[in-house]
Amino acid sequence: MAGRRSGSALVALVVLLVALAGCGGRSAGDSATADVQRLLDRRAEAVVDRDARAYGRTGGGTDFADLRAVPVAAWSYRVTAVRRTGDTATADAELRYRVAGYDEAPVTTGRTLRLSRDADGRWAVVTDRPAKKSAQQLWDQGAVRLVRGRHSLVLGVGQSGQSLRDFADLADRAVPAVSDAWGTDWSRRVVLVVPKSLEGMAGLLGSPASSYRGIAAVTTGETGPRTRAPADRIIVNPDAFALLGGLGEQVVVTHETTHVATRARTTAATPLWLSEGYADWVGYRAAGRTPVEAAPELSRAVAEDRVPTALPDDEDFGFTGDASRLARSYESGWTACRMISDRWGEARLGAFYRAVGEHRERAGAVEEAMRKVLGTTPDAFTREWRSYLRDQLG
C-alpha cells in the first residue's frame with residue numbers, strides 16, 4: 001500500500017509539473033521563435049507596402065533598394081527553426097511571394113537569416129540569404145531594375161534600361177508568334193529574368209555555372225496540368241546571349257516563350273526531342289532559315305553519311321555533354337517536328353504534341369499519339385525522318 005501511495009504521489013507530481021508547464025507559457029526557444037516570426041511578419045508587410053522606413057526598422061540583410069522594383073502582390077515568411085546563442089540567433093524560414101499580374105500561386109524558397117538582439121530585447125535581421133539547398137533570388141545579386149512590355153515583364157540586375165527594353169521587345173514579338181502557332185490557350189505573357197552574368201544565371205538556378213556555359217536561356221516552371229502555379233521564368237545567360245545576332249536572339253526568346261505556352265500540356269510522357277524540337281520549330285517558323293542553315297551540325301553528319309538511326313534520348317540533351325552532340329539533338333528534334341508540319345500539317349503537329357502529353361507516363365505515349373494523330377508507327381516515322389534528313393540536309 002505504501003508503495004502504491006508513493007507511486008500515486010509521483011504521478012500527481014508529474015501531472016502537476018506538466019500542468020504548470022502548460023500554464024507557465026512557452027520555453028525560451030519557443031519565445032524566440034515567436035518573436036522572430038513577428039519580426040518577419042513586419043518585414044513582409046513593409047515589402048508589400050513598399051515602406052523602406054518600416055523595412056529598415058526590422059534590420060538589414062537585404063538592401064530594400066535591391067528589391068524595391070519587384071512588383072510583389074504578396075510576401076510572407078514562415079519560420080521553421082530558430083537556433084539561439086545568447087543575443088544572436090539563426091533562423092530558417094520559408095519565403096513565399098507572388099509577382100503581381102503574373103504569379104497565380106506563390107514562389108516558395110528557403111531562406112536563412114542571422115539575427116541579433118539589442119539591450120531592450122528586440123530582434124533585428126543581420127543577414128538574409130538563400131538556404132543551403134535553395135537558389136538565389138534576383139535581388140540577392142543587386143538592385144533589380146524593371147521594364148514592362150505589352151506582353152512581358154523583364155527584371156534585371158547589372159543591366160541598362162535599354163538592354164532590358166530590348167528583351168521586352170523580343171518577348172513582345174515572341175508572344176503573338178507563339179500564339180499563332182500553338183493557339184491562345186495560355187497566359188500570353190512572359191517573365192524574363194536577366195542577371196549580370198553567367199554566374200548570376202547559375203545562382204538563380206542553383207547549379208554550377210559550367211552547366212549553362214553556351215546556353216543562351218532556360219525556362220523554369222512546373223510541367224503538367226495546373227490551375228494555380230507561379231509563372232514560368234525565362235532566365236537569360238547574358239554572356240551567351242551577347243554572342244547572338246538579331247535573328248538568333250529572336251529565335252531563342254521565341255523558343256523559350258514556346259515552353260511557357262506549352263508547359264501545361266508538357267508532362268512526364270513528353271520526350272525532350274518533342275518539347276525542344278517543337279520549341280525550335282516555333283522559333284524558326286518565321287525566321288526564313290533553310291534547313292541547312294538552321295541545322296549545321298546535323299547537316300555535317302548527313303554529309304558524312306552519319307545519318308542518325310533514331311531520335312535522341314532525353315540524356316542526349318544534357319547541358320554538360322559534348323556541344324556538337326547537344327546541337328545535333330536539338331536539330332534532330334526540330335527536323336522531326338518540321339517533318340510532321342510538312343507532311344501532316346501544322347494543326348496536326350500541335351495535336352500530336354497535346355496527345356503525347358495527355359499520357360501519365362512515357363511508356364506508350366508517343367506510340368499511341370503517332371497511331372491516333374499521324375496514322376503511323378515509331379518505326380515507320382523514324383524511317384521517314386531519316387529519309388527526310390537526306391532530302392533536306394544532303
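**Pockets, cavity and sheet**

Mentor: In this predicted model, the lining of the largest pocket draws at least two residues from each of β9 (217-220), α8 (246-262), α9 (272-284), α10 (291-294), α11 (296-303) and α12 (323-344), and the largest share, eight residues, comes from α8.

Trainee: What volume does the largest pocket have, and which residues lie nearest its centre?
Mentor: Its volume is about 1,200 Å³, and of the 42 residues that line the largest pocket, G214, I215, V252, D280 and Y330 lie nearest the centre. By class, that lining divides into 22 nonpolar, 11 polar and nine charged residues.

Trainee: Which residues line the largest cavity?
Mentor: V47, Y55, T62, L67, W75, Y77, L95, R111, D128 and W139 line the largest cavity, whose volume is about 40 Å³; seven of the lining residues are nonpolar, one is polar and two are charged.

Trainee: How should I read the sheet, and in what order do its strands run?
Mentor: As a general idea, strands of a sheet pair through backbone hydrogen bonds, either parallel or antiparallel. Here five strands form an open sheet in the order β1-β5-β4-β3-β2, with mixed pairing; the edge strands, β1 (59-61) and β2 (72-85), each pair on one side only, and the twist averages 25 degrees from one strand to the next.

Trainee: In what sense do β4 and β5 pair, and over how many bridges?
Mentor: Strand β4 (residues 107-117) and strand β5 (residues 123-130) pair in the antiparallel sense over seven bridges, and L113 stands opposite D128 in β5, D128 being one of the residues that line the largest cavity.

Note on methods: Residues are numbered from 1 along each chain as its sequence is written. This is a predicted model: local features need pLDDT of at least 70, side-chain atom pairs count only at pLDDT 80 or more; totals for chains, interfaces and linings use all residues. Side-chain values use heavy atoms; hydrogens and water are left out. On a 1 Å grid over the protein atoms alone, a cavity is a set of points where a 1.4 Å probe fits but cannot get out, and a pocket is an open set with protein on both sides within 12 Å along at least five of seven lines; lining residues have an atom within 4 Å of a point. Grid points are joined across faces, edges and corners, and a volume is the space filled by probe spheres set on the points. Ala, Val, Leu, Ile, Met, Phe, Trp, Tyr, Cys and Pro count as nonpolar, Asp, Glu, Lys and Arg as charged, and the others, Gly among them, as polar. Two strands pair if DSSP finds at least two bridges between them. Helices (H or I, at least four residues) and strands (E, at least two) are DSSP runs, numbered from the N terminus. Axes are lines fitted to C-alpha atoms, for helices over the stretch in contact, and angles run from 0 to 180 degrees between N-to-C directions.
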